[in-house]
Amino acid sequence: MFAARALSRSSIVARRGAMISQRRSNQTVPRMGSEAEMEAEAIAQLRARVRRQKEIMDATQHSHAEEVAEMWKWIKISFVVATPVCVLSIIKDILFVPHAHRPTGPLPDYMAIQTKEFPWECETCALFDLECWKKCRAEQAAEGA
């Protein structure tokens, strides 16, 4: 009860300050009084909020056609900006960035470390290393003959 009275006193000060400086107030607690007075004040506050929101909406509302025109304007701006950026980045990648490929020939020992053998017939060959597969199969054919 004491908190409600203190809140109602501070709300009076806040209302006076809000009237002077036009700040928003989020007070929803009505002043102390009878139940009917408190209910009436709460309803009045809600109606004032709804009225203020309607004023804001009426002041800032645009037609559907205006909204669509604004949307298309920003789509066009995005394409005007994004298309040259994409084209220039592709050109830069094609012309100026060296492409890293696997070096030809056998790998140095420190790069060819295997902790366990592969689970296929040529245990030392990587799956898509076709040259290694040819050598392995030729060795297996020479051993079998």
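**Ground rules.** I number residues from 1 along each chain as its sequence is written, and I use heavy atoms for side-chain values, leaving out hydrogens and water. Because the model is predicted, I ask for pLDDT of at least 70 for local features and 80 or more for side-chain atom pairs, while totals for chains, interfaces and linings use all residues.

**Fold.** I looked up the secondary structure first. The protein chain has four helices and zero strands. Its pattern along the sequence reads α-α-α-α. I took helices (H or I, at least four residues) and strands (E, at least two) as DSSP runs, numbered from the N terminus.

**Burial.** I then checked how much of the chain is covered. Of its 145 residues, 8% count as buried. My classes are buried under 20% relative accessible area, exposed over 50% and partly exposed in between, with a 1.4 Å probe and protein chains only.

**Salt bridges.** I required a side-chain nitrogen of Lys or Arg within 4 Å of a carboxyl oxygen of Asp or Glu. The count comes to four salt bridges.

- R52 is partly exposed at 48% relative accessibility, and E55 is partly exposed at 42%.
- E70 is partly exposed at 37%, and K73 is partly exposed at 38%.
- K92 is partly exposed at 41%. D93 is partly exposed at 37%.

**Nonpolar patch.** Which residues form a nonpolar patch on the surface? I found V87, L88, I90, I91, I94, L95, F96 and V97. Together they have about 800 Å² of accessible area. I94 lies in helix α3 (residues 64–95). I94 is exposed, at 58% relative accessible area. Patch members need over 30% relative accessible area and no salt bridge; like charges are joined within 9 Å, and nonpolar side chains (Val, Leu, Ile, Met, Phe, Trp, Tyr) within 5 Å. Areas come from the Shrake-Rupley method with a 1.4 Å probe, and for residues only the protein chains shown count as cover.

**Second largest pocket.** I read its volume as about 570 Å³. Of the 20 lining residues, R102, G105, P106, D129 and C132 are the closest to its centre. The lining divides into twelve nonpolar, four polar and four charged residues. A pocket here is an open set of points on a 1 Å grid over the protein atoms alone, where a 1.4 Å probe fits, with protein on both sides within 12 Å along at least five of seven lines; lining residues have an atom within 4 Å of a point. The volume is the space filled by probe spheres set on the points. In the lining classes, Ala, Val, Leu, Ile, Met, Phe, Trp, Tyr, Cys and Pro count as nonpolar, Asp, Glu, Lys and Arg as charged, and the others, Gly among them, as polar.
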